[in-house]
Amino acid sequence: MAGQAVLVVSFGTSHLDTLEKTIQPIEWDIAGRMTGRVQRRAFTSGMIIRKMRRQGTAVDTVREALEKLKQKGYTHVYIQPTHVIPGEEYDRLCADAASYAGAFAVFRIGRPLLTETEDYPALIQAMEQDGVIEKASTKAYLLMGHGTPHIINQAYPAFDYWLKRCGFDNVFVGTVEGYPTLDTLLEQLKERQYQEVVLVPMMLVAGDHAQNDMAGDEEDSWKSVLTRHGYTVTLQMQGLGAYPAVQALYVAHVQHMLELSPEGGER
């Protein structure tokens, strides 16, 4: 069989304990399901790659990983991103990979977690299955997304819409660097008599944003602001990548990509 490889590409994290709980299980799940194909890792964050290298852990960029696969003679290469939305990092991944498209007989890039319409209810179902969110009358869930100036920021209000469509009237989506903002969520919370608010990272990894902007002790953190508004705040400090049903969604994305590109199929 021709040499085949699945390259799992993440933004990355330099926190090894978090890496082992989120990114690594997704990689292992993909490797376990992709019989006969090797699995490799790459990160898109140059800052994290440099930090990890200083710490003695080697991580490839997308270009470096593809060059190694090319040099080793792999002919079928499938790239699966673990990004939540197809934003700037995904665009950079695609741009870096583009120069290698002609180096392999089959070359495909899978889709991030929230890309196509069916991805939205699928993620909601996975989050409910793993106990990340639940329907309640006195308890609200606030999902903290990263947010971006990229046009794909619309994925966050779209996900909020889908939550309501699926009956989760008590679950709201906000962002750190986009829209909706925390102020938007505070306005929505006032419309109901919620007593408890659960804060949940809507990110693959519960990194600096989750630990500081969401759960930090600074006066402008989501936890601090909500506490001042009289809410009892509970923290869920696991990234989406730590949940088995969410991990399975990435595996499904890889399987979909493979179905589109059978042996000898078109790029």
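Cys94 is partly exposed because its relative accessibility is 24%. In this report, buried means under 20% relative accessible area, exposed means over 50%, and partly exposed covers the values in between, with a 1.4 Å probe and protein chains only. The areas come from the Shrake-Rupley method with a 1.4 Å probe, and for residues only the protein chains shown count as cover.

The structure is a predicted model, in which local features need pLDDT of at least 70 and side-chain atom pairs count only at pLDDT 80 or more, while totals for chains, interfaces and linings use all residues. Residues are numbered from 1 along each chain as its sequence is written, and side-chain values use heavy atoms, with hydrogens and water left out.

## Cysteines

Cys166 is also a partly exposed residue, since its relative accessible area is 29%. How many disulfides does the structure hold? The number is zero, where a disulfide is a pair of cysteine sulfur atoms within 2.5 Å. In general, such a link is a covalent bond between the sulfur atoms of two cysteines.

## Salt bridges

Side chains of opposite charge can pair when their charged atoms come close. A salt bridge is defined here as a side-chain nitrogen of Lys or Arg within 4 Å of a carboxyl oxygen of Asp or Glu. The structure holds nine salt bridges, and the table presents some of them.

| Asp60 | Lys68 | 2.9 Å |

Helices and strands are DSSP runs numbered from the N terminus, with helices (H or I) of at least four residues and strands (E) of at least two. With 22% relative accessibility, Asp96 is partly exposed, and Arg63, with a relative accessible area of 39%, is partly exposed.

Asp160 and Lys164 both belong to helix α7 (residues 155-165), where they stand four residues apart, about one turn of the helix. Is Asp160 buried or exposed? Asp160 is buried, because its relative accessible area is 12%. Lys164 is partly exposed at 27% relative accessibility.

## A patch of negative charge

Glu177, Asp208, Asp213, Glu218, Glu219 and Asp220 gather on the surface in a patch of negative charge. Patches consist of residues with over 30% relative accessible area and no salt bridge; like charges are joined within 9 Å, and nonpolar side chains (Val, Leu, Ile, Met, Phe, Trp, Tyr) within 5 Å. Asp and Glu count as negative and Lys and Arg as positive, while His and the chain ends are not counted. The place of a charge is taken as NZ of Lys, CZ of Arg, CG of Asp or CD of Glu. Asp213 counts as partly exposed because its relative accessibility is 30%.

## A cis peptide bond

Most residues other than glycine have a negative phi, and most peptide bonds are trans. The bond from Tyr179 to Pro180, however, is cis, with omega near 0°. Pro180 is placed in the loop between β6 (171-175) and α8 (182-190).

## Separation in sequence and in space

Arg41 is part of strand β2 (residues 38-43). It is partly exposed, as its relative accessible area is 24%. Arg41 and Val8 are separated by 33 residues in sequence and by 5.1 Å in space, C-alpha to C-alpha.

Where is Ala242 found? Its place is the loop between β8 (232-235) and α11 (244-260). Ala242 is buried, because its relative accessible area is 17%. Ala242 and Ile26 are 216 residues apart in sequence, with their C-alpha atoms 8.5 Å apart in space.

Met237 is likewise found in the loop between β8 and α11, and at 37% relative accessibility Met237 counts as partly exposed. The C-alpha atoms of Met237 and Ile49 are 23 Å apart, and these residues are 188 residues apart along the chain.

Asp183 is found in helix α8. Asp183 is exposed because its relative accessibility is 53%. Between the C-alpha atoms of Asp183 and Val225, which are 42 residues apart along the chain, the separation is 9.8 Å.
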